[in-house]
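Hi everyone, thanks for coming. Please have a look at the model on the screen, and then I'll walk you through a few places in it.

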Amino acid sequence: MSTRLAKMAENRDKLIAAARRAFAEHGYAAASMDSLTAEAGLTRGALYHNFGDKRGLLAAVVDQIDSEMAQYAQSVGAKAENAWLGLLAEGAAYIEKALDPEVQRIVLLDGPSVLGDPSQWPSQNRCLQSTRNTIEQLIKNGTLKQVDPEAAAMLLNGAALNAALWIASSSDPQTILPKTLEAFNLLASGFLVKS
């Protein structure tokens with residue numbers, strides 16, 4: 001990578017890190033672009049060059065955090081004893097991330113209000129593809145009913161995402177979490193082949 005490209009990537013990373021802290025602490029609306037660019041040691045010009053505007057910066061931060069949530073959930077799912085239990089564990093891990101204050105504020109509250117429908121975000125589309133691949137495997141090995149893998153993935157991912165959104169906006173997330181996980185597992189179990 002050229003020195004110029006490396007510097008651009010470094011500046012981009014600095015801005016995302018500073019924005020992540022500012023958005024988590026103050027929320028999107030109250031976060032000051034002057035403060036976060038100063039914290040990053042950069043100018044507003046660097047922000048505009050890299051992200052276009054504050055909304056573009058939020059989109060980059062949301063993509064980073066949501067991708068981290070998905071990677072975490074996949075790592076939890078990979079530890080399960082089989083692909084079915086892994087799918088359930090992955091969904092539960094994603095939902096549980098709604099208790100994280102940074103995730104709540106940036107991804108689940110500010111993200112949808114500023115960026116629109118989360119199901120249209122690039123990070124969610126990557127999650128959807130991963131879930132679809134797992135569902136296709138589970139159909140092939142006879143664990144799941146013969147169902148359209150894309151439809152099943154859309155429903156399961158949508159359930160996990162909406163559960164996380166509900167928890168994040170709740171006045172008592174700790175009480176809602178166990179109910180949500182139970183309902184998610186019951187919903188997912190409807191795809192199982194009955195033995």
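Leaving aside its neighbours within four places in sequence, which residues is Leu108 in contact with? They are Ala98, Val103, Ala164, Leu165 and Ala168, where contact means heavy atoms within 4.5 Å.

Before going on, a word on the ground rules. This is a predicted model, where local features need pLDDT of at least 70 and side-chain atom pairs count only at pLDDT 80 or more, while totals for chains, interfaces and linings use all residues. Residues are numbered from 1 along each chain as its sequence is written, and side-chain values use heavy atoms, with hydrogens and water left out.

Back to Leu108, then. You'll find Leu108 in helix H6; helices here are DSSP runs of H or I with at least four residues, numbered from the N terminus. Leu108 is buried, at a relative accessible area of 4%. For that word, buried is under 20% relative accessible area, exposed is over 50%, and partly exposed lies in between, using a 1.4 Å probe and protein chains only. Trp166 is 58 residues from Leu108 along the chain, yet their C-alpha atoms are separated by 8.8 Å.

Now, what does H6 pack with? Helix H4, residues 54–78, packs with helix H6, residues 101–115, at an angle of about 135 degrees, and the axes are 10 Å apart. Axes are lines fitted to C-alpha atoms over the stretch in contact, and angles run from 0 to 180 degrees between N-to-C directions. That angle makes H4 oblique to H6: under 35 degrees would count as roughly parallel, over 145 as roughly antiparallel, 65 to 115 as roughly perpendicular, and the rest is oblique. On the H4 side the contact includes Leu58, Val62 and Ile65, and on the H6 side it includes Val103, Ile106 and Val107.

Next, the rings. A search of the whole structure finds one aromatic pair. The ring centres of Phe23 and Tyr28 are 5.6 Å apart with planes at 50 degrees, so this pair is tilted. Rings of Phe, Tyr and Trp (its six-membered ring) pair if their centres lie within 6.5 Å; planes under 30 degrees apart are stacked, over 60 edge-to-face, and the rest tilted. Both Phe23 and Tyr28 are buried.

Finally, Glu39 is in helix H2, residues 33–40. Glu39 is partly exposed, with a relative accessible area of 44%. Beyond its neighbours within four places in sequence, Glu39 is in contact with Ala18 and Arg21.

Conventions:
Helix = DSSP H or I, 4+ residues; strand = E, 2+ residues; numbered from the N terminus.
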